[in-house]
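Please look through the sequence and the structure shown here before reading the report.

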Amino acid sequence: MGFSLETRIAQSGLDRSEPRGAISFPIYLSVTFRRPAIGQSSGFDYARTSNPTRLTLEDAVASLEGGAGACAFSSGMAAITSLFMLFRQGDHVVITEDLYGGTYGLFQQILKPLGIRSTFVDTSDVQQVKDAIRDETVALLVESPTNPLLKIADLRALAGLAKERGLLLVVDNTMMTPYLQRPLELGADVVVHSATKYLGGHNDLLAGIVVCKDPQLFERLKLLHKVVGATLSPHDAWLLLRGIKTLAVRMERHQENAFKIARWLKDHPLVTRVYYPGLPEHPGFELQCSQAGGAGGMIAFSVTSPEIAHKVLENVRLFSFAESLGGVESLITYPKLQTHAHIPAETLDRLGIDDTLLRLSVGIEHADDLIRDLQQALEKAQEQAGASIRAQRVP
Ligand SMILES: *Cc1c(COP(=O)(O)O)cnc(C)c1O
């Protein structure tokens, strides 16, 4: 029987063959497992290789993404780093330019000295991706929507290009989750997640997931998973499974709130630009509708001056001024100085990630309360910024 996605999400990890009938899958802390006899195994030998709680989580995410299998790592960065251990000296990867700052750091500071090269382009423009492909290129690593500018990449077109040129298409699906976007169904080969964000959903655990479409690639990933050893602990695997069960209802509320806030921000006199792929005027709107089930809960917006941006951060009450995204509580960040601080200044300038840009991770609170909070913060920002300009003029 084919159940709908919401049903499968709510029953993630529910194992009907669990001997004692537990509805919440047990946390197995045992590191080692007794062998029934020489040459036999219960399927579990040693926890770095496999653990029942972690395996239940991995199977649940693999099923939601439609992959052959998944591996759960101790963080999103551990997942991405372990995956790129598949590659070797001389290999080249084409990557989204406004992507998660940590992934940028991995390629520039860790993989480049090891001889794995990368080129960063605007992956919402397929031609730029085509032009960046060289003989040594082995993979495309794409975020859609991007972070923080929420540009949309044509995942079907990139999958076609990857197939034609014999490349692996890897999609970081952190922002969308399998509830809203399933890149493997659109032709991608690998999906990575920072499960710290929406999958976990409560700002209380670090985790990463890699899902492979192809069973042979999955076997290679499993070897890296156990040998590199950055595996997810049984406790965090359980916490993540618990978070995933409410993913569908959380994502619906996140994006309902985000849409209301984006529409409200658009008309505010101190806001010069709103980036949200759920607004019909967003350049990626149609594409997003064609490949995803919604626009998600992230918004970026620019205000009239850096001073206004600073004062908004100081005056928000309900939004917390904090890094990260995807939790039930609303957060506001300043990408230039926080999440994207290690990207060179000239790149940030070219991308438009400047000191007037703010990013919201919209939570699941009441939308009216969130809008009122932004309204009062913008009002105070205007008063205080005006006052300090007047004070500067006083000799
Ligand atoms: C946070 C994030 C990561 C890194 O994940 P961690 O769990 O913090 O290690 C990678 N990609 C994206 C898109 C992210 O938002």
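What follows is a short report, by topic, on a predicted model.

## The sheet

The model contains an open sheet of 7 strands, in which the order is E1-E7-E6-E5-E4-E2-E3 and the pairing is mixed. Strand E1, made of residues 69-73, and strand E3 stand at the edges, and because each has a single partner strand, one side of each is left without a neighbour in the sheet. From one strand to the next, the twist averages 20°.

Val94 has Thr119 in E3 as its bridge partner.

## Helices against the sheet

Helix H2, which covers residues 52-65, packs on the sheet and touches E1, strand E6 (190-194) and strand E7 (208-212), while its direction makes about 130° with that of E1. Helix H4 lies across E2, E3 and strand E4 (137-143), and runs at about 140° to E3.

## The loop between E4 and H6

The loop between E4 and helix H6 (155-165) holds Pro145, and the peptide bond that leads from Ser144 to this proline is cis, with omega near -5°. Pro148 has its place in the loop between E4 and H6 as well, and the bond joining Asn147 and Pro148 is also a cis peptide bond, with omega about 10°.

Leu150 lies in this loop between E4 and H6 too, and although Leu150 is not a glycine, its phi is positive, near 55°. Its relative accessible area is 2%, and therefore Leu150 counts as buried, the cut-off being under 20%.

## Another positive phi

Asn203, found in the loop between E6 and E7, has a positive phi of about 50° although it is not a glycine. Its relative accessibility is 36%, so Asn203 counts as partly exposed.

## A buried histidine

His254 is found in helix H10, which spans residues 247-266, and with a relative accessible area of 0% this histidine is buried. Leaving aside neighbours within four places in sequence, the residues in contact with His254 include Tyr198, Val328, Val362 and Ile364, and among them are also the glycines Gly296, Gly297, Gly326, Gly327 and Gly363.

## A nonpolar surface patch

On the surface, Met85, Ile110, Leu114 and Val228 form a nonpolar patch, and together they have about 350 Å² of accessible area. Leu114, one of these residues, lies in the loop between helix H4 (101-111) and strand E3 (117-121), and it counts as partly exposed because its relative accessibility is 48%.

Note on methods
Residues are numbered from 1 along each chain as its sequence is written. This is a predicted model: local features need pLDDT of at least 70, side-chain atom pairs count only at pLDDT 80 or more; totals for chains, interfaces and linings use all residues. Side-chain values use heavy atoms; hydrogens and water are left out. Helices (H or I, at least four residues) and strands (E, at least two) are DSSP runs, numbered from the N terminus. Buried means under 20% relative accessible area, exposed over 50%, partly exposed in between (1.4 Å probe, protein chains only). Contact means heavy atoms within 4.5 Å. Patches are made of residues with over 30% relative accessible area and no salt bridge: like charges are joined within 9 Å, nonpolar side chains (Val, Leu, Ile, Met, Phe, Trp, Tyr) within 5 Å. Accessible areas come from the Shrake-Rupley method with a 1.4 Å probe; for residues, only the protein chains shown count as cover. A salt bridge is a side-chain nitrogen of Lys or Arg within 4 Å of a carboxyl oxygen of Asp or Glu. Two strands pair if DSSP finds at least two bridges between them. Axes are lines fitted to C-alpha atoms, for helices over the stretch in contact, and angles run from 0 to 180 degrees between N-to-C directions.
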